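Reader: Hey, I've got a structure here that I've never looked at before. Could you walk me through it?

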Amino acid sequence: MSLYRRAIKLLALKTRSLAADFFIALLQDSESFSTPVYLIGARKPISVINGFGPSRTSGSTQSKAHLLTGMKQKGDSADYDIEVQTANTYKVYIKQRNTDGSGLKIQMTVQDQNIVEQLNGELMQYLGKVTLAKGLSRLRLEVLSNESIKPWAQITGLRRIILVLEQSELDPAEFQLPN
């Protein structure tokens, strides 16, 4: 066997060994499979929570590639872990890929505050305002009822929950984010 072939074979064995060690370390790391903690007010006027990144779902809610789906009846919900870094009042919006959830009455709960709103068919819908204290919290989005004329209405394309500092003039619809 040539020196070149022996070097390639040795390199392949070493690479395989390193990859196996890395994979084992990844499996044993207590944080490798943890859900995201979304930072709110981290030196920016707009904070973004990815709809598809909840820490927990219930009912028929599903986290799928790039969107949250299946929210259609009472008991369907998604929880998001957040860390408020800047205590302030925030305007809350949701951004959807489609309008399939029009007519659903939803509730967003965070730090003992509730916003109840009916989805109106806008892809970027304003929900209301919340005043958040600094620290770790859980934000919950849940369906309360279906007020739609369509009994099959459901959220099938929730992309983001967006929080904007109340005093900011920025329009979240103009904030450029990857699709």
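This is a predicted model: local features need pLDDT of at least 70, side-chain atom pairs count only at pLDDT 80 or more; totals for chains, interfaces and linings use all residues.

Reader: Okay, how many salt bridges does a search of the whole structure find?

Author: Four. A salt bridge here is a side-chain nitrogen of Lys or Arg within 4 Å of a carboxyl oxygen of Asp or Glu. In general, side chains of opposite charge can pair when their charged atoms come close.

Reader: What does aspartate 79 form a salt bridge with?

Author: With arginine 140, and the closest N and O atoms are 2.6 Å apart. That pair links distant parts of the chain, since aspartate 79 sits in strand E6 (residues 77-84) and arginine 140 in strand E11 (residues 135-146), 61 residues apart. Helices (H or I, at least four residues) and strands (E, at least two) are DSSP runs, numbered from the N terminus.

Reader: Is aspartate 79 buried or exposed?

Author: Aspartate 79 is buried, because its relative accessible area is 2%. Arginine 140 is at 24%, so this one counts as partly exposed. The cut-offs are under 20% relative accessible area for buried, over 50% for exposed, and partly exposed in between (1.4 Å probe, protein chains only).

Reader: And which residue does arginine 138 pair with?

Author: Arginine 138 forms a salt bridge with aspartate 81, with 2.8 Å between the closest N and O atoms. Arginine 138 is in strand E11 and aspartate 81 in strand E6, so the pair ties together parts that are 57 residues apart in sequence. Aspartate 81 is buried at 18% relative accessible area, while arginine 138 is partly exposed at 41%.

Reader: How do E6 and E11 run, and how many bridges join them?

Author: They run antiparallel, and eight bridges join them. Two strands pair if DSSP finds at least two bridges between them. Across that pairing, serine 77 stands opposite glutamate 142 in E11. Strand E8 (residues 104-110) also runs antiparallel to E11, and seven bridges join the two. There, lysine 105 stands opposite serine 145 in E11.

Reader: Switching topic: where's glutamine 125, and is it buried or exposed?

Author: Glutamine 125 is in strand E10, and it is buried because its relative accessible area is 1%.

Reader: So what does its side chain reach?

Author: The side chain of glutamine 125 reaches the backbone oxygen of glutamine 118 at 3.0 Å and the backbone nitrogen of asparagine 120 at 3.0 Å. Leaving aside neighbours within four places in sequence, glutamine 125 has contacts (heavy atoms within 4.5 Å) that include Val92, Tyr93 and Ile94.

Reader: Which phi does histidine 66 have, positive or negative?

Author: Positive, about 70°, although histidine 66 is not a glycine. Most residues other than glycine have a negative phi. Histidine 66 is in the loop between strand E4 (62-64) and strand E5 (67-69). Aspartate 112 has a positive phi as well, of about 60°, and it is found in the loop between E8 and strand E9 (113-118). Aspartate 112 is exposed, at 81% relative accessibility.

Reader: Last one: where is proline 45, and what does it touch?

Author: Proline 45 is in the loop between strand E1 (37-40) and strand E2 (46-50). Not counting residues up to four places away in sequence, proline 45 touches Leu163, Val164, Leu165, Ser168 and Leu170. The C-alpha atoms of proline 45 and glutamate 166 are separated by 8.7 Å, with the two 121 residues apart along the chain.

Key:
Residues are numbered from 1 along each chain as its sequence is written. Side-chain values use heavy atoms; hydrogens and water are left out. A polar contact is a pair of N or O atoms within 3.5 Å; within protein, one must be able to donate a hydrogen and the other to accept it, and residues adjacent in sequence count only if both atoms are side-chain atoms.
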